[in-house]
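Reader: I'd like to learn how to read a model like this one. Could you walk me through it?

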Amino acid sequence: MKALGIKLVLALPLALVACGPTSSVKRTTPVANLQTYQVALVRVASSPGYGQYTPVLEFATTDFLQERCSFTNIVSPTQLGNLTPDLIVDLNIRGSQRGGTGFIKNPNLATVDVTMVLSDGIDESLLGSAEIIGKSAAVAVEGNDPENEALLAVAKRVSVILGKSGCQGQRVARVQAPPPVSYKNITMPTICFKFIYRLSPYN
């Protein structure tokens with residue numbers, strides 16, 4: 001019995017270490033097919049008090065998307081230059097908490113709440129959204145910020161969502177909407193003639 005207790009004590013830290021940061025989607029709207037998009041711009045904002053975490057989420061999301069997706073360019077606002085993004089990935093860090101929601105609080109457990117909104121950079125139409133919850137591994141690691149761990153899990157989840165929505169594979173040409181019909185070249189006499197012709201009893 002004593003040997004079994006020792007094994008359990010030894011196994012517990014190993015299990016905690018093996019359990020890395022995780023994420024889940026709390027709420028989502030359908031995401032459009034992204035095969036026609038070429039240049040993705042990642043923008044990160046935050047609620048007051050969480051601004052220090054925006055560079056972490058911006059860099060991690062850009063990095064994960066570059067690994068998973070086939071966009072010709074995936075950039076942050078500082079890298080945009082002369083590029084014109086046709087896909088906007090907006091992330092907003094809404095909040096964070098430590099300890100979890102259980103009876104026993106773990107100060108090494110960080111939970112972050114991030115909203116993702118995808119929009120078309122050309123016509124500004126909404127392409128999809130999701131509320132993502134990221135959690136750290138709940139294990140104390142020297143020099144490591146649990147909030148950063150949770151944000152890495154969120155960034156990876158963003159790449160998974162886009163990966164299932166057509167960001168991978170060969171890009172497809174964007175279909176341009178047909179130009180609106182113009183009536184500028186139709187003169188008044190022409191309109192009157194057509195009206196009189198229709199009223200004629202000989203037609």
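Reader: Is arginine 174 buried, partly exposed or exposed?

Author: Buried means under 20% relative accessible area, exposed over 50%, and partly exposed in between (1.4 Å probe, protein chains only). Arginine 174 has 28% relative accessibility, so it counts as partly exposed. Keep in mind that this is a predicted model: local features need pLDDT of at least 70, side-chain atom pairs count only at pLDDT 80 or more, and totals for chains, interfaces and linings use all residues. Residues are numbered from 1 along each chain as its sequence is written, and side-chain values use heavy atoms, with hydrogens and water left out.

Reader: Which residues is arginine 174 in contact with, leaving aside neighbours within four places in sequence?

Author: Contact means heavy atoms within 4.5 Å. For arginine 174, those residues are Thr36, Tyr37, Asp86, Asp120, Ile122 and Asp123.

Reader: What joins the side chains of arginine 174 and aspartate 120?

Author: A polar contact is a pair of N or O atoms within 3.5 Å; within protein, one must be able to donate a hydrogen and the other to accept it, and residues adjacent in sequence count only if both atoms are side-chain atoms. Here a polar contact of 2.7 Å links the two side chains.

Reader: How far apart are arginine 174 and glutamine 38 in sequence and in space?

Author: They're 136 residues apart in sequence, and their C-alpha atoms are 9.3 Å apart in space.
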